[in-house]
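I opened the model to look up side-chain contacts. My notes follow in the order I checked things.

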Amino acid sequence: AQKINSDTGVDCKGSEIIVTTYDVAHIFKRHGDDKEERKRGQIGVLEGDIELIRDIIFYYDSVEKGSEIRNTKSIVFIKRIKVEYRIII
C-alpha cells in the first residue's frame, strides 16, 4: 500500500482487491471479443488471462493512477508477460 501510494498518490491502505464472478463475466463480455478489442488497439481476453490477475497485481512492472469514476479512484497495474497486460482496479 505504501509503494502504490508513493507511485500513484492513491491512498489504498486497508483496501482489498476482490475479483468476483460478476467481474469475470464483465471481463469476457466487454473485453473477450478479439475482433472488437483489436479495433481499440488491444487484444481480447482469453480464459488463461484470468489466471494471471494475481501475478499482475502482486508483481507489477509499474502502477499508475487511473481515472476517477463516480467518486471512486482507480489504479492501473501494468505487467509485461509476452504482451503488456493492464488491470484497472
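I started with Y60. Y60 is buried, at a relative accessible area of 18%. My cut-offs: buried is under 20% relative accessible area, exposed is over 50%, and partly exposed is in between, with a 1.4 Å probe and protein chains only. This is a predicted model, so I took local features only at pLDDT of at least 70 and side-chain atom pairs only at pLDDT 80 or more, while totals for chains, interfaces and linings use all residues. Residues are numbered from 1 along each chain as its sequence is written, and side-chain values use heavy atoms, with hydrogens and water left out.

Next I looked for aromatic pairs. The search of the whole structure gave one. A pair means rings of Phe, Tyr or Trp (its six-membered ring) with centres within 6.5 Å; planes under 30 degrees apart are stacked, over 60 edge-to-face, and the rest tilted. Y60 and F77 have ring centres 5.5 Å apart and planes at 55°, so I logged the pair as tilted. Y60 sits in the loop between α5 (53-58) and β1 (62-65), and F77 in strand β2 (residues 75-81), so the pair ties together parts 17 residues apart in sequence. Helices (H or I, at least four residues) and strands (E, at least two) are DSSP runs, numbered from the N terminus. F77 is buried at 2% relative accessibility.

I then checked a charge over a ring. R54 lies over the face of F58, 4.9 Å from the ring centre. The rule asks for NZ of Lys or CZ of Arg within 6 Å of the ring centre and within 35 degrees of the ring normal.

Salt bridges came next. I found five in the whole structure. Each needs a side-chain nitrogen of Lys or Arg within 4 Å of a carboxyl oxygen of Asp or Glu.

- D7 bridges to K3, with the closest N and O atoms 3.0 Å apart. Both lie in helix α1 (residues 2-8), four residues apart, about one turn of the helix. D7 is partly exposed at 38%, and K3 is exposed at 51%.
- R40 and E37 meet at 2.3 Å, N to O. R40 is partly exposed at 48%, whereas E37 is buried at 1%.
- D61 and K79 meet at 3.4 Å, N to O. This pair links distant parts of the chain, with D61 in the loop between α5 and β1 and K79 in strand β2, 18 residues apart. K79 is buried at 18%.

Which residues have the most contacts inside the largest nonpolar core? They are I4, I75 and F77, in a core of 13 residues. α5, β2 and β3 (83-88) each supply at least two of its residues. The largest share, three residues, comes from α5. I used buried Ala, Val, Leu, Ile, Met, Phe, Trp, Tyr and Cys joined through side-chain atoms within 4.5 Å. In soluble globular proteins, nonpolar side chains tend to be buried together.

Last, I looked at T8. T8 lies in helix α1 and is buried at 11% relative accessibility. The T8 side chain reaches the backbone nitrogen of V10 at 3.0 Å. Leaving out residues up to four places away in sequence, T8 touches V63, E64 and K65. Touching here means heavy atoms within 4.5 Å.

Note on methods:
Polar contact = N/O pair within 3.5 Å; in protein donor to acceptor, adjacent residues only side chain to side chain.
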